[in-house]
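Colleague: I would like to learn how to read a few features of a model like this one. Please take them one at a time, with the general idea before the case.

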Amino acid sequence: MLQRIQSSMDSLLLRPFSASAAAPLSKHPFQGNNVEVQFSNCQPCKIPLRTLSGRYQKCRLKICMKNVNRRYGVVWRSQIEGGPNDTSDHRIGSEPEAFASRNTGNPIQTSLDALYRFSRPHTVIGTATSIISVSLLAVETMSDISLPFFIGLLEAIVAALFMNIYIVGLNQLFDIEIDKINKPYLPLASGEFSVRTGVTIISISAIMSFGIGWIVGSWPLFWALSISFVLGTAYSINLPMLRWKRFAVVAAMCILAVRAVIVQLAFFLHMQTFVFRRPSTFSRPLIFATAFMSFFSVVIALFKDIPDIDGDRIFGIKSFSVRLGQKRVFWICVYLLQMAYTAAVVIGASSSCIWSKLVMVVGHILLALILWVRAKSLDLKSKAAITSFYMFIWKLFYAEYLLIPLVR
């Protein structure tokens with residue numbers, strides 16, 4: 001009898017449901033408290049179920065559309081709640097479900113870990129690395145590496161990192177339901193942070209960012225923060241005419257504007273005109289950095305949606321991955337980066353500086369080869385593999401910013 005019940009439960013939990021499956025399931029043979037099952041865009045339906053222990057408990061299954069046009073499927077997991085005395089009546093989607101393992105140790109360490117994931121550390125590292133690299137482009141002699149340089153660099157990095165946390169945090173606040181499918185490990189999606197906590201963090205971050213920019217008094221820095229704030233808000237916030245992430249081209253342009261243009265030009269001018277008090281100039285290395293990072297920003301904008309295709313499709317985010325397919329967008333990204341690396345090799349070979357020529361040519365050839373070998377071996381059917389490759393793209397992003405200061 002237990003085997004029969006186990007088999008029936010496994011079938012209920014694991015087998016994909018069709019849209020027409022809700023009615024038959026309501027006549028499940030087992031008796032007991034109700035199972036709440038909710039389909040996307042449908043009302044919850046009650047399904048009787050008895051647990052293996054013979055005790056009547058409440059089980060919640062989170063159901064959503066895996067493919068809008070074809071079928072529904074069970075997503076992630078079920079969650080057994082309470083016991084025979086549990087009379088709560090939660091509904092799916094009314095609050096985030098815990099995903100990450102709960103750390104019963106130091107609560108401070110647990111909170112810091114959640115804050116670390118909330119800040120999206122790969123973007124934080126990318127922002128800090130890019131500002132340091134671009135700032136070094138303004139250095140003309142070794143005497144420029146002085147205390148004012150480090151103070152100006154620190155001011156720019158701290159203000160930008162607070163703005164970075166505001167932007168990624170705002171995106172998570174408006175993507176909680178999407179992230180339950182795409183990124184259930186994020187603190188808001190997993191329930192580690194409440195919405196109020198998320199709002200508090202991004203509010204403090206925005207205030208600190210603008211406060212530092214205003215106190216420093218650097219107009220290039222302040223305008224960089226302001227434009228990033230406007231574009232980051234318009235990208236995520238769900239208001240009429242906004243939430244630009246829904247539109248693939250506009251979303252890509254937002255990321256390109258911030259990562260490729262604002263970071264390169266504004267932070268260079270911050271160091272050149274505010275810290276060093278020199279007239280603004282657009283040098284060959286700066287032009288190269290802006291052009292190369294334009295390619296890279298487009299790749300990041302395209303690739304970040306490849307692992308998130310399931311949630312984006314369900315919630316109507318018309319990314320290029322949803323419209324063109326994962327495989328096609330993946331290879332578009334790879335070829336764009338190969339084109340950028342080829343251009344970098346040509347520019348490096350034309351340098352009059354021997355050491356710069358050697359580093360630029362050899363460095364970009366190696367990066368291009370590593371990218372190609374990694375891309376050819378990727379299993380596009382594995383979401384974990386795609387996500388890992390996306391993190392690898394960010395590592396290439398960091399590596400490029402190590403080479404940019406050597407362009408001469």
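Modeller: Start with burial: a residue is buried when its relative accessible area is under 20%, exposed when over 50%, and partly exposed in between. By that rule R117 is buried, because its relative accessible area is 16%. Keep in mind that the model is predicted.

Colleague: What share of the residues of the protein count as buried?

Modeller: The protein has 408 residues, and 50% of them count as buried. Its secondary structure comes to 16 helices and four strands. Among the contacts with a separation of 6 or more, 69% are between residues 24 or more positions apart.

Colleague: Next, helix packing. How is a pair of packed helices described?

Modeller: Two numbers describe two packed helices: the angle between their axes and the distance between those axes. Take helix α5 (residues 147-173) and helix α10 (residues 248-275), which pack at about 150° with their axes 10 Å apart.

Colleague: Which word goes with that angle, roughly parallel or roughly antiparallel?

Modeller: An angle over 145 degrees counts as roughly antiparallel. That makes α5 roughly antiparallel to α10. The crossing of α5 past α10 is right-handed.

Colleague: Which residues make the contact between α5 and α10?

Modeller: On α5 they are P148, F149, G152, L153, E155, A156, A160 and N164. On α10 they are R259, F267, H270, M271, F274 and V275. Sorted by class, the contact of α5 with α10 has nine nonpolar, three polar and two charged residues.

Colleague: α10 also packs with α9. At what angle do α9 and α10 cross, and within what distance do their axes come?

Modeller: Helix α9 (residues 219-236) crosses α10 at roughly 170°, and the axes come within 8 Å. α9 and α10 are therefore roughly antiparallel to each other. The α9 side of the contact consists of P220, L221, A224, I227, S228, L231 and Y235. These meet A251, C254, I255, A257, V258, I262, A266, F267, L269, H270 and T273 in α10.

Colleague: How do the residues of the contact of α9 with α10 divide by class?

Modeller: There are 15 nonpolar and three polar residues in the contact of α9 with α10, and no charged ones. F267 and H270 of α10 are listed in the contact with α5 and in the contact with α9.

Colleague: Now salt bridges. What is the rule, and what does the count come to?

Modeller: The rule asks for a side-chain nitrogen of Lys or Arg within 4 Å of a carboxyl oxygen of Asp or Glu. The count comes to nine salt bridges. One of them joins the side chains of E192 and R117, at 2.8 Å from N to O. E192 sits in the loop between α7 (187-190) and α8 (195-216) and R117 in helix α3 (residues 107-118), so this pair ties together parts 75 residues apart in sequence. E192 is partly exposed, because its relative accessible area is 33%.

Colleague: How far apart in helix α6 are K180 and E177?

Modeller: They are three residues apart in α6 (residues 176-182), which means a separation of about one helical turn. K180 counts as buried, at 6% relative accessibility, whereas E177 is partly exposed, at 31%. The C-alpha atom of E177 is also 8.7 Å from that of F315, and the two residues are 138 apart along the chain.

Colleague: Last, backbone angles. What is the phi of R120?

Modeller: Phi of R120 is near 55°, a positive value in a residue other than glycine. R120 is in the loop between α3 and α4 (121-137). R277 also has a positive phi, near 55°, and R277 lies in the loop between α10 and α11 (284-303).

Colleague: Is R120 buried or exposed, and is R277 buried or exposed?

Modeller: R120 counts as buried, at 14% relative accessibility, whereas R277 counts as exposed, at 62%.

Note on methods: Residues are numbered from 1 along each chain as its sequence is written. This is a predicted model: local features need pLDDT of at least 70, side-chain atom pairs count only at pLDDT 80 or more; totals for chains, interfaces and linings use all residues. Side-chain values use heavy atoms; hydrogens and water are left out. Axes are lines fitted to C-alpha atoms, for helices over the stretch in contact, and angles run from 0 to 180 degrees between N-to-C directions. Helices (H or I, at least four residues) and strands (E, at least two) are DSSP runs, numbered from the N terminus. Angles under 35 degrees count as roughly parallel, over 145 as roughly antiparallel, 65 to 115 as roughly perpendicular and the rest as oblique. A crossing is left-handed if the near helix is turned anticlockwise from the far one by less than a right angle, and right-handed if clockwise. Contact means heavy atoms within 4.5 Å. Ala, Val, Leu, Ile, Met, Phe, Trp, Tyr, Cys and Pro count as nonpolar, Asp, Glu, Lys and Arg as charged, and the others, Gly among them, as polar. Buried means under 20% relative accessible area, exposed over 50%, partly exposed in between (1.4 Å probe, protein chains only).
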